[in-house]
Amino acid sequence: MATTRHETLPRPLPPDAGAPTPSISVVIPLYNEAGSLPELYRRAAGALDQAGYSYELIFVDDGSTDATFTELERLHSADGRVRVVRFKRNFGQHSAMHAGLVRALGDVLVTMDGDLQNSPEDLPRLVEAVVSGADVASGTRSARRDSWGRTVPSRVINGMLRRFTDVDIADFGCAFNAYRRSAIEPMLGAIGKQKFTKALVLSGGASVVEVEVAHSARKDRSRYSPLRLTRLALHVLAGFWPQPIQWIGIALGLICTTAAFVLGIYGVAYWIENSNFPGPLFGGVGVIFVLGVQGFILALVGEYLGRIQREVEGRPLYTIDQEL
C-alpha cells in the first residue's frame, strides 16, 4: 500500500513479515522514463531470475512529470520485489541514489541508470565480481556511445578523480556498479551530498575490480549541459581535492610572476629595438588573464560556501511523497 510521507529524514520501509531478505538490491533513479521503464524492468528481472539471485528492484522517481509513477504503480502491483520511492519534486540523480541505498536490504547493492544506456544483462557479472571478493565492482563502459561533448569533459573529470583519490580505474563516471554493503554503509552520511558515490567509497580504501559493461546511445538529449558539466568539475575539486585554494594560489602566483617577467623582458627588448613599448596592450592582456583565473577561484569558493550554507541550514537532501 502506498504511504504518504511528510518527514524529511529517510527511513527504510520494513520488509513484509515472513518475506525472505533479498541478497541483491538494485537501485535505479528515474526521471521521465515512462517509455523505457517496462523494458528496463523486464530485462533486469529476467537477467537476475536467470542467474538465480533473490533480489529487489528499488526505483526512485525523481519528481517525474510524465507517467513514470503510474507505470511504477503497475509494476509494484504485479511484482512484490519492485519497491518505489517518489520524490515531491526533482532533487537530482545523486539524491535519488541515496534514497534507494538507505532503503536497500541486500548484501550486494547495485546502482544503475534508468535510461537503458546500461545493459541490464550485465547485472549478474557485476554481482558475481562482488560475491567473488571485491568490495566494489566498477562498471567500465566499453565502446562508449556518447558525443564528444560528453566524453571529453568525462575524461577530464576521470583524470581529476584518479589524481585526487589515488585510485587508478578507467571510468569514475559510470553509474552501473555493484557494492558490498559493508563498503557502502560507512559512507551513507556523505552519499548524495557528494556526487560521485563510487569515488567516495573507493577513497575510503574499498577494494575494486573493473568490469566491462555494454553502453548504448541515449535515445533523447543528454541532461548534462556544458554548464552542468562545469559545475560537476567544480564539485570534484571541492569534494576530493583537500587544499585546492592553496594549490591554485601557488599556481596563480607562479604563472603571473612568470608572465610578468617574460612580458617585461619582451617589453624592454621591443622598446630598445623600436623605441615604442606597447604597454596598454600587454597591460590589458595581463589584467584579463588575472581576472579569468580569479573568476575560477571565486567559483570554487562559491562551491565551498554553498556546502557550508546547506550544512548550517540543515536542509534535507530530498522529501518523500510516496513509497510503495
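Predicted model: local features only at pLDDT ≥ 70, side-chain atom pairs only at ≥ 80, totals over all residues.
Reader: Which residues does Phe 176 touch, leaving out those up to four places away in sequence?

Author: Phe 176 touches Val 110, Thr 111, Met 112, Asn 118, Ser 119, Asp 122, Leu 123, Leu 126, Ser 138, Gly 139 and Val 213. Contact here means heavy atoms within 4.5 Å. Residues are numbered from 1 along each chain as its sequence is written, and side-chain values use heavy atoms, with hydrogens and water left out.

Reader: What makes a set of residues a nonpolar core?

Author: The members must be buried Ala, Val, Leu, Ile, Met, Phe, Trp, Tyr or Cys residues, joined through side-chain atoms within 4.5 Å. The largest such core has 35 residues, and Phe 176 is among those that touch the most other members, along with Ile 24, Val 26, Leu 40, Phe 59, Val 110 and Leu 123. Helix α1 (37-51) gives the most to this core, with six residues. A second, separate core of 29 residues includes Val 27, Val 136, Ile 184 and Ile 191.

Reader: Why is Asn 118 called buried?

Author: Buried means under 20% relative accessible area, exposed over 50%, and partly exposed in between (1.4 Å probe, protein chains only). Asn 118 has 3%, so it counts as buried. This residue is found in the loop between β5 and α4.

Reader: How do you know that the Asn 118 side chain makes a polar contact?

Author: The side chain reaches the backbone nitrogen of Asp 113 at 3.0 Å. The definition asks for a pair of N or O atoms within 3.5 Å; within protein, one must be able to donate a hydrogen and the other to accept it, and residues adjacent in sequence count only if both atoms are side-chain atoms.

Reader: Which residues of α2 are buried, and what puts them on the same side?

Author: They are Thr 68, Phe 69, Glu 71, Leu 72 and Leu 75. They cover an arc of only 155° around the axis, so they sit on the same side of α2. That arc is taken from the directions from the helix axis to the C-beta atoms. On the other side of α2, Thr 70, Ser 77 and Ala 78 are exposed.

Reader: What do the buried residues of α2 pack against?

Author: They pack against β2, α1, β3, β4 and β9 (320-323). Helices (H or I, at least four residues) and strands (E, at least two) are DSSP runs, numbered from the N terminus.
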